[in-house]
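Please read it alongside the sequence and the 3D structure.

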Amino acid sequence: MDPPQTLVSSHRMYDVNPRTAALWEALFRRVGERAGVPLTPLHAPHPHPIHTIWARSDLGLAFMGGWPFHRASPQPIALGAPVPDDPIAAGRAVYWTDMIVRADAPFVTLEDTFGARLAWTVEGSHSGYNAPRYLLIEPFLARGMRPLYGEAVGPVATPRGAIDAVLEGRADIAPLDGFYHLLLQRHEPATAERLRVLIRTPTAPIPLLVASQSAPAEVVAALRAALLTLHEDATGAEKLADLRLTRFASINAPDYALIEAWNRDAHEAGYHSPY
């Protein structure tokens with residue numbers, strides 16, 4: 001197979017630190033090797049706008065948020081989604097949001113944080129905006145549709161921004177992508193130990209790996225097959241384990257409509273902002 005253009009890969013969404021970035025790069029390289037498709041790593045860290053990555057015409061293998069994927073028109077081509085190695089995932093390509101506070105914070109329940117400062121990432125984020133807002137609909141209604149928090153801190157842009165806001169004392173509570181948190185616990189335990197989870201949101205379809213619509217069909221097919229069978233390869237399985245994954249699973253694009261349904265539920269309840 002001789003691709004007519006050089007394709008790029010991007011794992012920016014889950015680059016917790018330089019070590020995990022290197023692990024993702026090695027895993028993506030293995031996928032490319034098995035597919036016979038050379039992939040050039042794209043290094044465009046924050047604050048480079050992530051939506052410009054998803055809009056590229058030369059994407060071969062890139063993480064994309066489920067909410068922007070569902071809303072995109074045309075949609076990039078779905079290749080597969082990661083299955084976290086955690087009991088909450090239960091073998092499914094799902095994730096959740098951990099509502100985190102400092103480990104030494106006095107809060108015991110979510111309700112204890114009401115009136116304090118809530119961080120949020122960005123309005124287009126499911127884990128950092130949509131999911132916590134969905135979690136808070138019931139208490140928002142129970143309190144007569146009054147603001148639950150005294151201050152909204154954001155946009156803090158990324159999961160790392162949410163962590164920093166809590167640990168630096170700029171926010172009392174923040175939403176953290178549950179899979180990002182798993183990677184933090186594995187590869188940056190000293191930071192993870194300074195955080196505590198008060199409550200988790202329900203699960204939703206996890207960010208997925210995509211290729212651009214302009215990628216050749218035979219290249220897409222090869223990358224998808226290599227990705228979905230990576231766990232059957234000894235080297236691939238080792239790399240998956242390093243990243244708290246069991247495998248990559250095929251996805252049903254309409255499943256991501258659940259995320260939009262959560263957004264609709266919040267708006268119908270009159271809860272337009274996550275505070």
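A crossing of two helices is left-handed if the near helix is turned anticlockwise from the far one by less than a right angle, and right-handed if clockwise. The model is predicted: local features need pLDDT of at least 70, side-chain atom pairs count only at pLDDT 80 or more, and totals for chains, interfaces and linings use all residues. Residues are numbered from 1 along each chain as its sequence is written, and side-chain values use heavy atoms, with hydrogens and water left out. Helices (H or I, at least four residues) and strands (E, at least two) are DSSP runs, numbered from the N terminus.

**Helix contacts**

- Axes are lines fitted to C-alpha atoms, for helices over the stretch in contact, and angles run from 0 to 180 degrees between N-to-C directions.
- The axes of H4 and helix H11 (residues 257–268) cross at roughly 50 degrees and come within 9 Å.
- H4 and H11 are therefore oblique to each other (angles under 35 degrees count as roughly parallel, over 145 as roughly antiparallel, 65 to 115 as roughly perpendicular and the rest as oblique).
- The crossing of H4 and H11 is left-handed.
- On the H4 side, the contact (heavy atoms within 4.5 Å) is made by His126, Asn130, Ala131, Arg133 and Tyr134, and on the H11 side by Ile259, Trp262, Asn263, Asp265, Ala266 and His267.
- Five nonpolar, four polar and two charged residues make up the contact of H4 with H11; Ala, Val, Leu, Ile, Met, Phe, Trp, Tyr, Cys and Pro count as nonpolar, Asp, Glu, Lys and Arg as charged, and the others, Gly among them, as polar.
- For helix H1 (residues 18–35) and helix H7 (residues 178–187), the axes come within 10 Å and cross at roughly 110 degrees.
- That angle makes H1 roughly perpendicular to H7.
- H1 contributes Arg19, Thr20, Leu23 and Trp24 to this contact, and H7 contributes Phe179, Leu183 and His187.
- By class, the H1 and H7 contact has four nonpolar, two polar and one charged residues.

**The sheet**

- Six strands, in the order E2-E1-E3-E12-E4-E13, form an open sheet with mixed pairing; two strands pair if DSSP finds at least two bridges between them.
- Strand E2 (39–41) and strand E13 (245–249) are the edge strands, each pairing on one side only.
- From one strand to the next, the twist averages 30 degrees.
- Strand E1 (residues 7–10) and E3 run parallel and are joined by three bridges, with Leu59 of E3 as the bridge partner of Val8.
- E3 pairs with strand E12 (residues 208–211) in the antiparallel sense over three bridges, and Leu209 in E12 is the bridge partner of Phe63.
- E4 and E12 run antiparallel, joined by three bridges; Ile77 has Ala211 in E12 as its bridge partner.
- Strand E3 (residues 59–64) is mostly covered, with six of its six residues buried (buried means under 20% relative accessible area, exposed over 50%, partly exposed in between; 1.4 Å probe, protein chains only).
- Helix H9 (residues 217–228) lies across E1, E2, E3, E4, E12 and E13 and runs at about 10 degrees to E4.

**Two loop residues**

- Val122 is in the loop between strand E7 (117–119) and helix H4 (126–135).
- With a relative accessible area of 38%, Val122 is partly exposed.
- Leaving aside neighbours within four places in sequence, Val122 is in contact with Tyr129, Pro155 and Ala157.
- Val122 and Ala157 are 35 residues apart in sequence, and 5.3 Å apart in space from C-alpha to C-alpha.
- Asp86 is in the loop between strand E4 (77–84) and strand E5 (94–95).
- Asp86 counts as buried, at 17% relative accessibility.
- Not counting residues up to four places away in sequence, Asp86 touches Trp96, Leu182 and Arg244.
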